[in-house]
Amino acid sequence: MGGLLTKTVVADSGDQLWERTFHKPPADLVLSATLREQLDRLLRFQRATCITRVVFIAVPHRGSLLAESFAGRIGRMLIAVPATVLTPVRLLRE
């Protein structure tokens with residue numbers, strides 16, 4: 001997991017996560033200012049400019065077969081999604 005988190009520190013998301021989540025650009029969404037700000041913090045990130053080089057060793061950037069195994073299912077049951085992530089998503093469903 002550390003390698004995947006590190007990857008987000010050295011990458012720019014742009015609008016890719018917005019468009020993959022909502023299937024349209026952020027400008028086309030009708031959202032309250034508060035909800036837009038919360039979603040923006042979740043779905044947009046910029047790379048840390050102070051990091052100039054990263055070496056990844058055996059990081060499964062495209063996922064792992066273990067994730068679909070019995071051990072992976074147990075691991076998913078032990079993980080809880082933070083409320084800071086769930087709150088904006090719940091507001092979208094209302």
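Me: In this predicted model, where is Ser13 found, and is Ser13 buried or exposed?
Reply: Ser13 is found in the loop that runs between helix H1 (2-9) and helix H2 (16-22). Its relative accessible area falls under the 20% that marks a buried residue, so Ser13 counts as buried, with a value of 5%.

Me: Which backbone atoms does the side chain of Ser13 reach?
Reply: Leaving aside its neighbours within four places in sequence, Ser13 is in contact with Leu43, Arg44 and Phe45. Its side chain reaches the backbone oxygen of Leu43 at 3.4 Å. The side chain of Ser13 also reaches a backbone atom at 2.8 Å, and that atom is the nitrogen of Phe45.

Me: Which residues are linked in a network of salt bridges?
Reply: A search of the whole structure finds two salt bridges. In one of them the side chains of Asp15 and Arg44 meet at 2.8 Å, N to O, and in the other the side chains of Asp40 and Arg44 meet at 2.7 Å, N to O. Arg44 takes part in both pairs, and the residues linked in the network are Asp15, Asp40 and Arg44.

Me: How many residues apart are Asp15 and Arg44, and which loops hold them?
Reply: The side chains of Asp15 and Arg44 meet in a salt bridge. This pair links distant parts of the chain, with Asp15 in the loop between H1 and H2 and Arg44 in the loop between H3 and H4, and the two are 29 residues apart.

Me: What relative accessibility do Asp15, Arg44 and Asp40 have?
Reply: A residue is partly exposed when its relative accessible area lies between the 20% limit for buried and the 50% limit for exposed. Asp15 counts as partly exposed because its relative accessibility is 31%, and Arg44 counts as partly exposed at 29%. Asp40 is partly exposed as well, with a relative accessible area of 27%.

Me: Which residues of helix H3 are buried, and why do they line one face of the helix?
Reply: The buried residues of helix H3 (residues 33-43) are Leu35, Leu39 and Leu43. Seen down the axis of H3, these buried residues fall within a limited arc, so they line one face of the helix. An α-helix has 3.6 residues a turn, so residues three or four places apart point the same way. The arc that holds the buried residues of H3 is 55°.

Me: Which residues are exposed on the other side of H3?
Reply: One face of H3 is lined by its buried residues, which are Leu35, Leu39 and Leu43. On the other side of the helix, the exposed residues are Ala33, Thr34 and Arg41.

Me: Where is His23 found, and what is its phi near?
Reply: His23 is found in the loop between H2 and H3, and at 69% relative accessibility it counts as exposed. Its phi is positive, in a residue other than glycine, and the value is near 60°.

Me: How far apart in space are Val54 and Lys7, C-alpha to C-alpha?
Reply: Val54 is found in the loop between H3 and H4, and it is partly exposed, with a relative accessible area of 30%. Leaving aside its neighbours within four places in sequence, Val54 is in contact with Thr6 and Val10. Val54 and Lys7 are 47 residues apart in sequence, and their C-alpha atoms are apart in space by 8.6 Å.

Me: Which residues form a nonpolar patch on the surface?
Reply: Met77 is found in helix H4 (residues 70-78), and at 64% relative accessibility it counts as exposed. Met77 belongs to a nonpolar patch on the surface with about 620 Å² of accessible area together, formed by Phe70, Ile74, Met77, Leu78 and Ile79.

Me: How many helices and strands are in the chain, and what part of its contacts with a separation of 6 or more comes from residues 24 or more positions apart?
Reply: The chain has five helices and zero strands, so that from the N terminus on its elements run α-α-α-α-α. Buried residues make up 12% of the 94 residues in the chain. Of the contacts with a separation of 6 or more, the part that comes from residues 24 or more positions apart is 70%.

Technical notes: Residues numbered from 1 in each chain as written. Predicted model: local features only at pLDDT ≥ 70, side-chain atom pairs only at ≥ 80, totals over all residues. Heavy atoms only, no water. Patch = residues over 30% accessible without salt bridge, like charges linked within 9 Å, V, L, I, M, F, W, Y side chains within 5 Å. Areas by Shrake-Rupley, 256 points an atom, 1.4 Å probe, with all protein chains shown as cover. Salt bridge = Lys/Arg side-chain N within 4 Å of Asp/Glu carboxyl O. Helix = DSSP H or I, 4+ residues; strand = E, 2+ residues; numbered from the N terminus. Buried < 20%, exposed > 50% of the residue type's maximum accessible area, 1.4 Å probe, protein only. Arc of directions from axis to C-beta. Contact = heavy atoms within 4.5 Å. Polar contact = N/O pair within 3.5 Å; in protein donor to acceptor, adjacent residues only side chain to side chain.
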